[in-house]
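Open the model in your viewer and keep the selection panel at hand. The stops below say what to select next and what is there.

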Amino acid sequence: MTAETLPRKNVPSTTPAALGLGDRPAQAGPGDPAATHVRVKLDVEIRALLAHEPGTKSGADPEDLHQMRVALRRMRSVLKLSGRLVGPDAEPVRAELGWLGQSLGDVRDYDVLIGHLREVVAEFEVRDQPAARRLVSKFVTERGVAKRRLTRALASPRYASMLQDIGRLARQPATEEADESPQTSADLVAGLAKPHRKLAKAVKALPADPPDDDLHALRIYGKKLRYAAEMAKPAAKKKQAERIQRLIKATKNFQTVLGDHQDACVAADRMRAALNTTDIELAFIAGRIAEKELLRRAEVRAVWRDVWAEVDQAAQAVSARR
């Protein structure tokens, strides 16, 4: 962090204007430099993060927290792939986004788990409902602890300073500094080959029955490819933008399928831990849920390679017709 980003008293409210951004998001097209596209993407995503901040703080709708986390992860991905284009402060800012992402992720994981458990136990017999409610309440209590940590993070000077740093990266300079080899918008499209290669290499290295953690890692690789494609699409001409949109759709589906797998694994692990309770009825419910989650896990494992094939084909189509 630079001296100008040190925590200050009376930090301005978190609005785009407070971060020095315009009334509306900036825009960029195929003729603009790659750095402009990076700044535009940061501009769009920081606005999304700020828009969902009040709902995340209040906790009224879990979707606000989810969308705030999505905006944060997109910014992290942009800075990882192309942060060098907007200066040396990009990596420290990316690290700070990771700090906040951990707190958002802890609460989001509980939201997904609790929502899913409520759907599952709703189908159980009436006589099992009291134990099912006790089980869900256990995780609601744990979520409350995680939410309080998040609330403290969002009220901290560290968070306010992070927002100011992102605003500086997102603002369009009056003039771009000269660069011996400036990247063009076309380079953003060509750059999709790198995250695709990493994902393809990771898939190829997997055994027939991959460990759960390896499939989770694939989802992360797929997410990086999707976010890179989302940034590259405005930089592409019409026909190529259509192919990139196909890639975005395929990677989104890939994320969903492997996300279901990860959610099933997490839920099953949580249920295994709950089996240690002295509450026999609660342990019985946990065992029933664990069985369902392991079945869901097996169903995803039967189809994920077909979904990957669609991603691979879409990415190759983009690469072949640059």
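A residue counts as buried when its relative accessible area is under 20%, and as exposed when that area is over 50%. The model on your screen is predicted.

**Stop 1**

Select Glu230 and Arg74. These two residues form a salt bridge, and their closest N and O atoms are 3.0 Å apart. Glu230 belongs to helix H8 (residues 212-232) and Arg74 to helix H2 (residues 62-82), so the bridge ties together parts that are 156 residues apart in sequence. Are Glu230 and Arg74 buried or exposed? Both of them are buried.

**Stop 1: another salt bridge between helices**

Next, select Asp111 and Arg143. Here the closest N and O atoms of the salt bridge are 2.5 Å apart. Asp111 sits in helix H3 (residues 90-121) and Arg143 in helix H4 (residues 129-154), so this pair ties together parts 32 residues apart in sequence. Asp111 is buried, and Arg143 is buried as well.

**Stop 2: a salt bridge that belongs to a network**

Now select Arg301 and Asp209. They form a salt bridge whose closest N and O atoms are 2.7 Å apart. Arg301 is in helix H10 (residues 280-301), while Asp209 is in the loop between helix H7 (193-204) and H8; the pair links distant parts of the chain, 92 residues apart. Which of these residues is buried, and which is exposed? Arg301 has a relative accessibility of 15%, so this residue counts as buried. Asp209 has a relative accessible area of 57%, so this residue is exposed.

Salt bridges with shared partners join Asp209, Asp212, Arg297 and Arg301 into one network. How many salt bridges are found in the whole structure? The search finds 21.

**Stop 3: the aromatic pair**

A pair of aromatic rings is described by the distance of the centres and the angle of the planes. The structure holds one such pair. Select Phe254 and Trp308 to see the rings: their centres are 6.3 Å apart and their planes stand at 55°, so the pair is tilted. Phe254 lies in helix H9 (residues 238-274) and Trp308 in helix H11 (residues 304-320), and the pair links distant parts of the chain, 54 residues apart. Phe254 has a relative accessible area of 1%, so this residue is buried. Trp308, at 10% relative accessibility, counts as buried too.

**Stop 4: a charge over a ring**

Arg288 lies over the face of Phe124, at 3.9 Å from the ring centre.

**Stop 5: two packed helices**

Two packed helices are described by the angle between their axes and the distance between the axes.

**Stop 7**

- Select Arg47, which is in helix H1 (residues 34-58). Arg47 has 12% relative accessibility, so this residue counts as buried. Arg47 and Leu19 are 28 residues apart in sequence, and their C-alpha atoms are 10.0 Å apart in space.
- Select Val93, found in helix H3. At 4% relative accessibility, Val93 counts as buried. How far apart are the C-alpha atoms of Val93 and Phe284? They are separated by 46 Å, and the two residues are 191 residues apart along the chain.
- Select Ile166, which is in helix H5 (residues 157-170). Ile166 has 2% relative accessibility and so counts as buried.

How values were computed:
Residues numbered from 1 in each chain as written. Predicted model: local features only at pLDDT ≥ 70, side-chain atom pairs only at ≥ 80, totals over all residues. Heavy atoms only, no water. Phe/Tyr/Trp six-rings, centres within 6.5 Å; stacked < 30°, edge-to-face > 60°. Helix = DSSP H or I, 4+ residues; strand = E, 2+ residues; numbered from the N terminus. Buried < 20%, exposed > 50% of the residue type's maximum accessible area, 1.4 Å probe, protein only. Lys NZ or Arg CZ within 6 Å of the ring centre and 35° of its normal. Salt bridge = Lys/Arg side-chain N within 4 Å of Asp/Glu carboxyl O.
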